[in-house]
Amino acid sequence: MTDLFETIRRVLVPIHKEGYPFIAIGIVLTVLAGTFVQFLGWIFLLLTLWVCYFFRDPERIVPVGDGLVISPADGRVNLISTVLPPAELDLPSVPMLRISVFMNVFDCHVNRVPVTGRIDQIHYTPGLFLNAELDKASEDNERNGLVIETRQNGEPVRIGVVQIAGLVARRIVDWVKPGDDLTVGDRFGLIRFGSRVDVYLPAGTRVLVGLGQKAVAGETVLADLRGTGPVRQFRRT
């Protein structure tokens with residue numbers, strides 16, 4: 001019986017409180033629509049169940065190790081490049097490694113801190129709602145940027161984490177503020193309904209993921225700040 005309860009607990013993933021209002025609206029619409037047109041009631045019921053799924057907030061097993069950078073989002077690694085960081089982050093105006101994780105509407109949208117450190121600053125930038133998979137979305141879309149100061153070999157290292165709204169996303173939510181001390185894997189925000197998260201890392205950081213790879217927030221190791229170890233190779237099968 002204990003095993004049965006544990007199985008049920010794992011299947012019934014917790015729902016983040018950010019989703020409660022949307023679920024409540026869905027239930028009301030389901031009841032109202034079903035009262036007059038049964039077919040519409042079923043449609044709204046399916047939409048309500050999808051909203052529950054969208055706002056799921058599962059536990060994650062976070063890798064712990066010196067220099068590891070963990071994925072801040074569930075989704076697909078769609079960009080790995082060396083670019084100048086966004087000006088609003090006030091990072092050094094030198095090329096940095098950028099790893100982007102694109103979230104579709106079926107991915108878990110709770111975002112997690114990629115490294116242990118202190119929130120140095122947060123900067124919101126209004127903008128467009130282009131397809132978040134596009135490279136130019138980093139500059140043109142509505143976004144919210146965090147600068148996190150971590151330590152590597154006893155020296156301070158500042159990295160950027162940028163939440164980017166997409167075609168459907170219209171709301172970026174953060175639960176942290178400048179000065180907060182966070183541990184890798186901690187939840188720090190959420191983007192509603194399809195979007196992207198960029199991580200800006202110092203040059204020389206070792207990339208440990210490949211383009212197109214599925215990333216899991218709080219679990220997938222994106223990179224190693226130490227820049228050591230063999231270069232990983234990937235192939236599509």
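Trainee: In which sense do β12 and strand β14 pair, and over how many bridges?

Mentor: In general, strands of a sheet pair through backbone hydrogen bonds, either parallel or antiparallel. Here β12 and strand β14 (residues 221–224) pair in the antiparallel sense over 2 bridges. Strands (E, at least two residues) and helices (H or I, at least four) are DSSP runs, numbered from the N terminus, and two strands pair if DSSP finds at least two bridges between them. Please note that this is a predicted model, in which local features need pLDDT of at least 70, side-chain atom pairs count only at pLDDT 80 or more, and totals for chains, interfaces and linings use all residues. Residues are numbered from 1 along each chain as its sequence is written, and side-chain values use heavy atoms, with hydrogens and water left out.

Trainee: Which residues stand opposite each other, and what is the order of the strands in the sheet?

Mentor: In β14, A223 is the bridge partner of V207, and V69 also stands opposite A223. R206 stands opposite D224 in β14. The open sheet has 3 strands in the order β1-β14-β12, with antiparallel pairing. β1 (68–70) and β12 (206–207) are at the edges, each with a single partner strand, so one side of each has no neighbour in the sheet. The pairing of β1 with β14 runs over 3 bridges.

Trainee: Which domains does the assignment give, and how far apart are their C-alpha centres?

Mentor: The domain bounds come from an automatic or database domain assignment, which gives domain 1 (4–55) and domain 2 (68–224). Their C-alpha centres lie 29 Å apart. The contact (heavy atoms within 4.5 Å) takes 7 residues from domain 1 and 12 residues from domain 2.

Trainee: How much area do domain 1 and domain 2 bury between them?

Mentor: The size of an interface is often given as the accessible area lost when the parts come together. Buried area is the accessible area (1.4 Å probe) that two parts lose on being put together, summed over both. Domain 1 and domain 2 bury about 920 Å² between them, 72% of it on carbon and sulfur atoms. On the domain 1 side, E18, W50 and F54 supply 57% of the area buried against domain 2, more than any other three residues.

Trainee: How many salt bridges are there between domain 1 and domain 2, and how many by this rule in the structure?

Mentor: Side chains of opposite charge can pair when their charged atoms come close. A salt bridge is a side-chain nitrogen of Lys or Arg within 4 Å of a carboxyl oxygen of Asp or Glu. Between domain 1 and domain 2 the count is 0 salt bridges, whereas the count by this rule comes to 12 salt bridges. Among them is the pair of R112 and D57 (3.9 Å, N to O). This pair links distant parts of the chain, with R112 in strand β4 (residues 110–112) and D57 in the loop between α3 and β1, 55 residues apart.

Trainee: Where is R151 found, and which residues is R151 in contact with?

Mentor: R151 is found in strand β6 (residues 143–152). Leaving aside neighbours within four places in sequence, R151 is in contact with P156 and V157.
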